[in-house]
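Please consult the sequence and the model shown here while reading the points below.

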Amino acid sequence: MSKISFVNNPKPFKTLLDERIQAYFQDRNIEMRGNALLYSKTIILLVSLFTVYGIILSIQPPTWLSLLLCALLGFIQSTIGFNVMHDAAHGSYSNNNRLNNIIAWIGGDLMGGSTFLWKIKHNIIHHTYTNIEGMDDDIAKYPLFRLNEHQERRWFHRFQFIYAVPLYFFTTFNWILFDDYWKLVTKKINTTEIRKMSVRDHVEFWTGKLTNLTLFFFIPIYIFGFWQALFGFFVMHAALGLSLALVFQMAHAVEEATFPLPNEQNKIENEWALHQVKTTVNFAMNNPVISWLVGGLNYQVEHHLYPKISHIHYPQISKIVKQTCDDLNIEYNAFPTFWRALVSHFRYLKQLGVA
Ligand SMILES: [Zn+2]
């Protein structure tokens, strides 16, 4: 597919928004990147992860409790993904790029998923071509899922709202064990070719994969035996995969989001920022617990407009974004609660399965 572009000249929405957002940071004299709050969150989450990991391996609790702790391990990994890796991979964790890369490796590669591939899949493809059929890899789950009206409907899609949850369990299991390697071999992510990997990219990729499997699979095999270790590994990934799939889907695959197509000149007939607002939905913005856990991914509108600003600032700048949308008569989509977004996602899957 040739390159899709946006009608960005003029761009009244982004111009006005940039002015207001810049003024916000300048007036308060604060950095757009992460701060002590984000760094303390990183420590809390990593310490929690390795504490639970240590308890499973050293105390070896009864099977039911071990499996529960494996699920908790997966859930904590997802919060590290949302809060730590996601910011770092976008370069919004710190002004220091070396620190961003180290933190992205710890939060990404060490957890099993290649940040080299993530940066192309997520930062470039998903963030530029959000919800554009044929480009955005996040909606390329066909034929298993029909995620927008431009994909052909098959008979089994009527059941997709039911089989979604069991398949979401496999999200990261598939990602770290198969999908990353498939992308590496085919040198492609959906329709986009990936750049050549440097020696350093290879070192980061392979050390991450090896350390992850050693920590979460090989050492448990040594202690518990193969089948128990495999089961624990799968339970951990079921919790991790479900959390990641739901949080990412709830921002774009819901009734309120749109899926625009380019015109004959391969142009999306909106300025890029407006396209982001039309394809993205927030949820539970007033819930501090959800906001803390999902690392501002409930403020996806702000994240899509400003991925280089740390999620720590989203609750504050969301007021400016909302006001600017109101001033320019642009619809700002937000579900009041987590549950409303969740219900909308499954209702959306059901609708697309039958019509
Ligand atoms: Zn992002």
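V84 is placed in helix 3 (residues 63–90), where helices (H or I, at least four residues) and strands (E, at least two) are DSSP runs numbered from the N terminus. The model is a predicted one: local features need pLDDT of at least 70, side-chain atom pairs count only at pLDDT 80 or more, and totals for chains, interfaces and linings use all residues. Residues are numbered from 1 along each chain as its sequence is written.

**V84 and its surroundings**

- V84 counts as buried because 26 C-beta neighbours lie inside 10 Å. A residue is termed buried if 20 or more other C-beta atoms lie within 10 Å of its own, exposed if 12 or fewer, and partly exposed in between, with C-beta atoms placed from the backbone.
- Leaving aside residues up to four places away in sequence, V84 touches T42, L45, I103 and G107. Two residues are in contact if their C-beta atoms, placed from the backbone, lie within 7 Å.
- The C-alpha atoms of V84 and F218 are 25 Å apart in space, and these residues are 134 apart in sequence.
- I103 and G107 are among the buried residues of helix 4 (residues 97–107), as are N100, A104 and W105.
- The buried residues of helix 4 pack against helix 3, helix 5 and helix 8.

**Overall fold**

- The protein chain contains 14 helices and six strands. Its radius of gyration is 20 Å, close to the 20 Å that the globule rule gives for 355 residues, so the chain is as compact as a globular protein of that length. The radius of gyration is taken over C-alpha atoms, and the globule rule is 2.2 Å times the number of residues to the power 0.38.
- The C-alpha trace spans about 60 × 55 × 45 Å along its principal axes.
- Of the 355 residues in the protein chain, 41% are buried.
- Among contacts between residues at least 6 apart in sequence, 71% join residues at least 24 apart.

**Helix 8 and helix 9**

- The axes of helix 8 (residues 199–224) and helix 9 (residues 226–252) come within 7 Å and cross at roughly 140°. Helix 8 is therefore oblique to helix 9. Axes are lines fitted to C-alpha atoms, for helices over the stretch in contact, and angles run from 0 to 180 degrees between N-to-C directions. Angles under 35 degrees count as roughly parallel, over 145 as roughly antiparallel, 65 to 115 as roughly perpendicular and the rest as oblique.
- From helix 8, F216, F217, P220, I221 and F224 meet F226, Q228, A229, G232, F233 and M236 of helix 9. By class, this contact has nine nonpolar, two polar and no charged residues. Ala, Val, Leu, Ile, Met, Phe, Trp, Tyr, Cys and Pro count as nonpolar, Asp, Glu, Lys and Arg as charged, and the others, Gly among them, as polar.

**Helix 6 and helix 14**

- Helix 6 and helix 14 (residues 338–354) pack at an angle of about 130°, with their axes 8 Å apart. Helix 6 is therefore oblique to helix 14.
- Q160, F161 and A164 in helix 6 meet F346, L349, K350 and G353 in helix 14. This contact has four nonpolar, two polar and one charged residues.

**L17 in helix 1**

- L17 is found in helix 1 and counts as buried because 23 C-beta neighbours lie inside 10 Å.
- Residues up to four places away in sequence aside, L17 touches A273, L305, V321 and T324. L17 and L305 are 288 residues apart along the chain, with their C-alpha atoms separated by 9.4 Å.

**Backbone features in loops**

- The peptide bond from N9 to P10 is cis, with omega near 5°; P10 lies in the loop between strand 1 (5–6) and helix 1 (12–28).
- A cis peptide bond, with omega near 5°, also runs from Y142 to P143. P143 lies in the loop between helix 5 (115–128) and helix 6 (160–168).
- Although not a glycine, N29 has a positive phi of about 55°. N29 is found in the loop between helix 1 and helix 2 (36–59) and counts as exposed because 6 C-beta neighbours lie inside 10 Å.
- K187, likewise not a glycine, has a positive phi of about 55°. K187 is found in the loop between helix 7 (171–186) and strand 2 (188–189) and is exposed, with 11 other C-beta atoms within 10 Å.
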